[in-house]
Amino acid sequence: MIFYDFIYKIDTFCGYNNSWNIKKESQTSEKYGFFPDKRPLDELIKNSIINIDKPPGPTSHEVAFWIKKMFNLSKVGHGGTLEP
């Protein structure tokens, strides 16, 4: 599985030599939804967190309001900002 190859590469890079105990490979079916890399844009927008690199000027509340109007969404919020 590609995920485990990634983990093993990080372990090697960090010098971590202990073994992993993997109890079960994950299994899923397309009849219960979409694979993450195949989700339609509408699903991603309605069920996701979008990171926005907000430029200086508009407030976070204004940007959230613009996103709400642009995508005709009932709920939009922001979780915080790092103002310069």
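Modeller: Let us begin with burial: a residue counts as buried when its relative accessible area is under 20%, and as exposed when that area is over 50%. The model before us is predicted, and buried residues make up 12% of the 84 residues in its chain.

Colleague: What does the accessible surface of the chain come to, and what share of it belongs to carbon and sulfur atoms?

Modeller: The accessible surface is about 8,300 Å². Carbon and sulfur atoms account for 57% of that area.

Colleague: How many helices and strands does the secondary structure comprise?

Modeller: There are 3 helices and 0 strands, and the pattern along the sequence reads α-α-α. The radius of gyration is 19 Å, well over the 12 Å that the globule rule gives for 84 residues, so the chain is more spread out than a compact globule.

Colleague: Which dimensions describe the box that the C-alpha atoms fill?

Modeller: Taken along the principal axes, the box is roughly 50 × 40 × 15 Å.

Colleague: How far apart are the mean positions of the positive and negative charges?

Modeller: The chain carries 11 positive and 10 negative charges, and their mean positions are 8 Å apart.

Colleague: Let us turn to single residues. Is Asn72 buried or exposed?

Modeller: Asn72 has a relative accessibility of 71% and therefore counts as exposed. This residue lies in the segment after helix 3. Its backbone also deserves attention: phi of Asn72 is near 50 degrees, a positive value in a residue other than glycine.

Colleague: Why does Lys75 count as exposed?

Modeller: Lys75 counts as exposed because its relative accessibility is 73%, whereas the cut-off is over 50%. Lys75 is likewise placed in the segment after helix 3.

Colleague: What separation is found between the C-alpha atoms of Lys75 and Asp11?

Modeller: Those C-alpha atoms are separated by 40 Å, and Lys75 and Asp11 are 64 residues apart along the chain.

Key:
Residues numbered from 1 in each chain as written. Predicted model: local features only at pLDDT ≥ 70, side-chain atom pairs only at ≥ 80, totals over all residues. Heavy atoms only, no water. Helix = DSSP H or I, 4+ residues; strand = E, 2+ residues; numbered from the N terminus. Rg over C-alpha atoms; globule rule 2.2 N^0.38 Å. Buried < 20%, exposed > 50% of the residue type's maximum accessible area, 1.4 Å probe, protein only. Areas by Shrake-Rupley, 256 points an atom, 1.4 Å probe, with all protein chains shown as cover. Lys, Arg positive; Asp, Glu negative; His and termini not counted. Charge placed at Lys NZ, Arg CZ, Asp CG, Glu CD.
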